[in-house]
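Subject: Structure for your review

Dear colleague,

Please find below the structure that I am handing over to you. My notes on helix packing and salt bridges follow it.

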Amino acid sequence: MSRKITIGARSSTLAKLQAYTVGKKLKDTNPDLTIVYKFKEASGDKDLTSPLWQIAGKGIFTKDLQDDLLKNEVDAIVHSWKDLDLEKRQGTSVISVLPREDQRDVLLFKKSAWQNPDQNLTFCTSSPRREFNLQKFFSEYLPDPLAKSNLSFSPIRGNVQTRIKKFLESDAHGLIIAKAALDRLLNSDFLSEDISEFAEIRNFLRHSLNQCLLMILPLSLNPNAPAQGALCVEVREDEKETQDLFSKLTDPKAKQSSETEREILSRFGGGCHQKIGVSVIIRPYGQVRFLQGETDEKENLSKKGIEPKPDLHFSIDEVWPSQAKMAQRQRERIAYKIPPNSDLFIARGYAFPQDLIIDPKTQIVWTSGLTTWRELAKRGVWVHGSVDGLGELEDLKIETLFHRKPNFVKLSHQDSDLSKTTYQLIPTYHLSAPEIPANFDPEKIKAAFWRSGSEFNIITSKYPILKKVIHFVGPGSTFSKVKSELGEEAANRIHVCLSFEGWIENHITK
């Protein structure tokens with residue numbers, strides 16, 4: 001028997017798109033269902049002058065719709081989960097739906113500002129979280145000379161297209177916006193509803209993005225607002241049948257990561273006034289967590305790691321590299337040739353030759369980590385983003401934003417392990433074997449941190465006994481390399497750390 005469901009949402013283009021997306025998925029799994037939509041302008045959409053942090057936390061994007069739900073005028077509301085207050089509302093239940101979109105923020109930077117650097121740079125955002133975390137980030141990770149400019153932030157309100165239009169018509173140089181919003185609007189052509197409206201927005205966004213350089217901001221230094229990129233559905237608490245319908249659309253990873261982020265922020269009070277970002281990323285080796293910002297009491301927060309952490313501790317005499325100091329390796333430049341029209345994945349700062357010239361308007365530059373990003377920025381290179389130390393096997397999720405498939409080649413050393421690399425290798429230097437102290441005794445070693453697959457190969461070939469120790473590795477290709485070399489029997493002896501410094505902090509006693 002056919003049943004009708006009325007779905008409510010805000011009347012912005014993005015909110016309508018999100019409602020249609022959830023409705024389409026619900027219809028795919030329940031073909032006999034009739035779905036009706038009710039869109040409504042929220043109070044937060046009407047007030048575009050008050051700073052968001054001053055009025056948020058009062059249900060400015062949700063309360064009007066929630067009242068309709070409790071009055072039985074709609075059966076469900078599709079929300080951007082980050083808009084919901086942390087406190088539970090009486091009489092309703094919240095259900096996570098659909099896989100989560102990209103959690104990261106993106107910087108749109110006017111190409112004209114890149115071509116004509118200014119001593120004063122202004123960035124548009126109404127988020128205290130973004131302003132606090134990005135003040136320091138931009139001063140280190142924008143390319144010189146931009147990073148040496150005086151940085152300021154200007155509030156901006158409105159839906160996605162309104163903010164972009166205001167930004168492009170202003171004297172500001174950059175705009176920070178949630179990448180998930182752009183990705184959804186640019187991918188709206190799979191829907192049949194309101195085709196002209198969505199097509200118009202897609203064309204506007206494409207034209208606008210063509211006027212800007214893009215920078216995908218790393219979660220480790222600019223974590224997202226809790227549940228950013230996630231959708232949820234709010235239903236009446238006593239409507240079990242409706243709850244069951246939407247519960248079937250739940251993606252476990254999206255639910256777990258979003259709920260964990262909201263729980264972590266709740267420890268600090270929550271609310272859009274907070275200068276705190278928190279990211280949780282679910283990976284096979286654990287939960288990657290980033291926390292960055294400042295509490296209301298002016299306590300500075302800066303934490304990153306993988307949960308759960310193994311309760312393992314070693315002295316500096318029991319580990320490789322010797323004395324827990326990174327083993328030295330000598331580097332020597334070699335001739336290189338990069339295929340035309342290539343995008344660049346940079347493994348280390350040294351891998352980017354001094355004489356290499358790239359055009360950030362036509363070539364994408366991506367880095368393996370933030371140290372490499374910072375080194376390139378000091379040399380004046382515009383870096384579009386990074387895998388943030390999570391390994392080159394990470395899904396970059398940038399085809400939609402750049403409107404093309406990247407054509408990456410990897411710049412690294414000549415002896416890089418090709419068995420676990422994602423991109424064509426272009427070696428730009430030779431790297432010597434790690435230096436081993438004369439008094440190094442492999443018999444005393446209980447644990448090792450491997451910075452790369454090549455280091456693992458070299459050292460364990462010389463000292464096979466080290467294959468039997470506890471292994472710590474970075475995420476990505478090194479983890480895959482060590483795991484495949486040692487086999488399943490060693491799986492419980494391999495642990496992932498985000499960085500060498502984090503390994504020392506958490507597992508080395510001095």
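Helix axes are lines fitted to C-alpha atoms over the stretch in contact, and angles run from 0 to 180 degrees between N-to-C directions. Helices (H or I, at least four residues) and strands (E, at least two) are DSSP runs, numbered from the N terminus. This is a predicted model, in which local features need pLDDT of at least 70 and side-chain atom pairs count only at pLDDT 80 or more, while totals for chains, interfaces and linings use all residues. Residues are numbered from 1 along each chain as its sequence is written, and side-chain values use heavy atoms, with hydrogens and water left out.

**Helix packing**

Helix 8 (residues 179-186) packs against helix 9 (residues 195-209) at an angle of about 125°, and their axes are 9 Å apart. Helix 8 and helix 9 are therefore oblique to each other; under 35 degrees counts as roughly parallel, over 145 as roughly antiparallel, 65 to 115 as roughly perpendicular and the rest as oblique. From helix 8, L182, L185 and L186 meet I201, R202, L205, R206 and L209 of helix 9, where contact means heavy atoms within 4.5 Å. By class, this contact has six nonpolar, no polar and two charged residues (Ala, Val, Leu, Ile, Met, Phe, Trp, Tyr, Cys and Pro count as nonpolar, Asp, Glu, Lys and Arg as charged, and the others, Gly among them, as polar).

**Salt bridges**

Side chains of opposite charge can pair when their charged atoms come close. A salt bridge is a side-chain nitrogen of Lys or Arg within 4 Å of a carboxyl oxygen of Asp or Glu, and by this rule the count comes to 34.

One of them joins K179 to D102, with the closest N and O atoms 3.0 Å apart. This pair links distant parts of the chain, 77 residues apart: K179 is in helix 8, and D102 is in the loop between strand 4 (92-97) and strand 5 (105-110). K179 is buried at 0% relative accessibility, and D102 is also buried, at 6% (buried means under 20% relative accessible area, exposed over 50%, partly exposed in between, with a 1.4 Å probe and protein chains only).

K63 and D67 also form a salt bridge (3.1 Å, N to O). They are four residues apart in helix 4 (residues 63-70), which means a separation of about one helical turn. K63 is partly exposed at 38%, as is D67 at 24%.

Finally, K38, K40, D68 and E73 are linked in a network of salt bridges.

Yours sincerely
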